Amino acid sequence: KGRLPTPAAGRRVLNFGDRTQRGKSEGIVIETRHGAQITAPNDGWVMYAGEFRSYGQILIINAGGGYHVLLAGLSHTDVQVGQFVLAGEPVGMMPAAFQAPKGAAQQSKAVQVKAQDNAPVLYVEFRKDQKPIDPEPWWAESAKKVQG
């Protein structure tokens, strides 16, 4: 705990447990810049990389010990199922300007209201034994600083 880099720079627009139209958020949402590079928040094996329903490209990383990390809202992924990735390694990109935003923004009007200028948003969910957990204690201290 306290050592993982966030997968993208940006403004947090939804925290774990915040109320949404569908109940409580099971992850966090980070507003990114258009075309932002997304990096793996942890070492692990890529379990899934591809299109999923209306969430855009998603990536699921098996971190071991019953932990999985899901990243959703990417425009494309740069990794393949079965590949081992290291924390901080580039794994995909967010949509470029003028692309319709996909992913977590479609899950909640709260996110749509908070995201500015149709900025893309990255949804990040941590799971332990298939149950969502709060990722906040896992982020490195530099990720917890106010960004401006």
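User: Where is Gln-130 found in this predicted model?

Analyst: Residues are numbered from 1 along each chain as its sequence is written, and side-chain values use heavy atoms, with hydrogens and water left out. Strands (E, at least two residues) and helices (H or I, at least four) are DSSP runs numbered from the N terminus. On that numbering, Gln-130 sits in the loop between β12 and β13.

User: Is Gln-130 buried or exposed?

Analyst: Buried means under 20% relative accessible area, exposed over 50%, and partly exposed in between (1.4 Å probe, protein chains only). Gln-130 has 70% relative accessibility, so Gln-130 counts as exposed.

User: What is the phi of Asp-129?

Analyst: Asp-129 lies in the loop between β12 (121–128) and β13. Asp-129 is not a glycine, yet its phi is positive, at about 50°.

User: Which kind of aromatic pair do Tyr-67 and Trp-138 form?

Analyst: Rings of Phe, Tyr and Trp (its six-membered ring) pair if their centres lie within 6.5 Å; planes under 30 degrees apart count as stacked, over 60 as edge-to-face and the rest as tilted. Here the centres are 5.3 Å apart and the planes at 65°, so the pair of Tyr-67 and Trp-138 is edge-to-face.

User: How many residues apart are Tyr-67 and Trp-138?

Analyst: Tyr-67 is in strand β8 (residues 67–74), and Trp-138 is in the loop between β13 (131–133) and α2 (141–144). The pair links distant parts of the chain, 71 residues apart.

Key. This is a predicted model: local features need pLDDT of at least 70, side-chain atom pairs count only at pLDDT 80 or more; totals for chains, interfaces and linings use all residues.
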